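Here are a few notes to read with the model open. Have a look at the picture, then work through the points in order.

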Amino acid sequence: MKPYALIIEDDATLLEIFSQAIQAAGYQTSSIMQGEDGLAALKHETPNLIVLDLHLPNVSGITILNYIRSEDRLASTWVVITSADTLMTDDLRKNDGVDFVMEKPVSFIQLSNLAARLHPNNQPKGRVTM
């Protein structure tokens, strides 16, 4: 069974590119465009990888990130933040709850290569910080 990645991004074009890039790295993906829908999905889903935009409608990416890091069952989930907001991404790089920060534009190859590195088959047993 393929590992599962959840992509929460409100730009339809980027959502499709991100989904294809992560699928190319060997994941099954789910795509969500609204922050509130992403938060609702995380109440019952446990993805291996989450690609999370910061600026989402209704519920912010920061709120979702805080929820992810407050849940023990999501402790081993990799979180990749994507944003064009360089001030926020600079601050987030100092945050212990963020695994990776990618400033937009994010290329297909860049995201696919990162997802491949984070694939459970490429990780030692248990979560290791890169």
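1. Start with Ile81. In this predicted model, skipping neighbours within four places in sequence, Ile81 is in contact (heavy atoms within 4.5 Å) with Leu52, Leu54, Leu65, Leu92, Val98, Phe100, Val101 and Met102.

2. A nonpolar core here is a set of buried Ala, Val, Leu, Ile, Met, Phe, Trp, Tyr and Cys residues joined through side-chain atoms within 4.5 Å. Buried means under 20% relative accessible area, exposed over 50%, and partly exposed in between (1.4 Å probe, protein chains only).

3. Now the largest nonpolar core, which has 22 residues: Ile8, Leu42, Leu52, Ile64 and Ile81 touch the most other members. At least two residues each come from strand S1 (4-8), helix H2 (35-42), strand S3 (49-53), helix H3 (61-70) and strand S4 (78-83). Helices (H or I, at least four residues) and strands (E, at least two) are DSSP runs, numbered from the N terminus. H3 gives the largest share, four residues.

4. Check the loop between strand S5 (100-103) and helix H5 (108-118), where you'll find Pro105. The peptide bond joining Lys104 and Pro105 is cis, with omega about 10°.

5. Asn58 sits in the loop between S3 and H3. Its phi is near 75°, a positive value in a residue other than glycine. Is Asn58 buried or exposed? Asn58 counts as exposed because its relative accessibility is 60%.

6. Some housekeeping: residues are numbered from 1 along each chain as its sequence is written, and side-chain values use heavy atoms, leaving out hydrogens and water. Local features need pLDDT of at least 70 and side-chain atom pairs count only at pLDDT 80 or more, while totals for chains, interfaces and linings use all residues.
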